[in-house]
Amino acid sequence: MDIKKVLFELSEKDCIGHVKDAYEAALEVLSRYAEIKTASDSGIIGFIKGKSDYTVLLDAHIDQVGMIVTDVDSEGFLSLSNSGGIDIRALPARQVTVHGKTKIPAVFCSTPPHLAKGETEYTDISKIKLDTGLGVKAKDIVSVGDYVTFSEKPAFLAGDFVAGRSFDDRSAVAVLLEVAERLSGKELPCNVEILLSGGEELGMRGAKASAFIAAPNEAIAVDVSFGNAPGISEDECGVLGKGPMIGISPVLDRKMSDRLIAVAKENGINYQLEAMGGRTGTNADVISVSRGGVKTCTVSIPLRNMHTENEVLSISDLYSVCDLLEKYILSGGLLNA
């Protein structure tokens, strides 16, 4: 599997509300390598049989941040509310897609600097109008409740860096599809469940429901985290190209963190540590308290410009995460620790 190709293909598809293009695309790939245990709005669970009854769950969320139309005014300008965390500062003059009766390109309005009175602050998304160019005809095609998504195409940067929308968390989805391919047909010491969960950006709703169904012995939530960039202190981020970020937190299982570190060292896989004082902000927070509790850890991909239309990551980090997860599963996780 070409992980770059899969990442780009998933990045260009949407998964927000009832718009589920990326969901269907990921389901088609996962079904090649795993038995589909369930496929619902909460997520897709693929199952790969191992030699024991012990089960390790690997999770990545398939949904993305976006917006929803709250008003269409008499001149055809749209007002929006965010669905998930949006970096509002990056919106003016950006192009998006409105999922109305047909897909419509639109652009956020931006006050020209010549006309701005003082410094313009963007703190309320409802104050930044969206221009479709349809004028009064907008109400014939766009309705309150229609979804809006970023429309930037993914692109290659220098080296192995790439930029694009929805890399949070399609990069981790691409990783889990690659891991499923690697594990398929092998004799595994434990069962593996691949969860592509929905609703993470709206309160981790999908993982909460799907983890209850899956009932694993342990779980790893694979997501993105803050990558190094100007203005960000070193202790708040990981470094792009330096490998996966293994989570350490009071809400995570320390034995899992230590085992992941040991597997990385044993196999010469570059890794970084991500220390968190409490909640992780990932699906690990809800998976860990599913049913009677699940031993859970996080493995994160360093990413710049989170929740914008041009998130940046290193392809080498994706392969390093694949290597770490594959070796961890082949070692049996905590089953043989």
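Mentor: Start with one residue. Ala 174 has a relative accessibility of 0%, so Ala 174 is buried (under 20% relative accessible area; exposed is over 50%, partly exposed in between, with a 1.4 Å probe and protein chains only). Some ground rules: this is a predicted model, where local features need pLDDT of at least 70, side-chain atom pairs count only at pLDDT 80 or more, and totals for chains, interfaces and linings use all residues. Residues are numbered from 1 along each chain as its sequence is written, and side-chain values use heavy atoms, with hydrogens and water left out.

Trainee: Where is Ala 174 found?

Mentor: Ala 174 sits in helix H4. Helices are DSSP runs (H or I) of at least four residues, strands are E runs of at least two, and both are numbered from the N terminus.

Trainee: What is Ala 174 in contact with, leaving aside its neighbours within four places in sequence?

Mentor: Contact means heavy atoms within 4.5 Å. Ala 174 touches Met 1, Ile 3, Val 6, Leu 7 and Leu 10, once those neighbours are set aside.

Trainee: How do the axes of H1 and H4 cross?

Mentor: Axes are lines fitted to C-alpha atoms, for helices over the stretch in contact, and angles run from 0 to 180 degrees between N-to-C directions. The axes of H1 (residues 3-11) and H4 (residues 167-183) come within 9 Å and cross at roughly 140°. H1 and H4 are therefore oblique to each other. The cut-offs: under 35 degrees is roughly parallel, over 145 roughly antiparallel, 65 to 115 roughly perpendicular, and the rest oblique.

Trainee: Which residues of H1 meet H4?

Mentor: On the H1 side they are Ile 3, Val 6, Leu 7, Phe 8, Leu 10 and Ser 11. The residues of this contact divide into ten nonpolar, two polar and two charged. Ala, Val, Leu, Ile, Met, Phe, Trp, Tyr, Cys and Pro count as nonpolar, Asp, Glu, Lys and Arg as charged, and the others, Gly among them, as polar.

Trainee: How many aromatic pairs does a search of the whole structure find?

Mentor: Rings of Phe, Tyr and Trp (its six-membered ring) pair if their centres lie within 6.5 Å; planes under 30 degrees apart are stacked, over 60 edge-to-face, the rest tilted. The search finds one pair. The ring centres of Phe 8 and Phe 156 are 4.8 Å apart and the planes are at 35°, so the pair is tilted. Phe 8 lies in H1 and Phe 156 in strand S12 (residues 155-156), so the pair ties together parts 148 residues apart in sequence.

Trainee: Is Phe 156 buried or exposed?

Mentor: Phe 156 is exposed, at 56%. Phe 8 is buried, at 13%.
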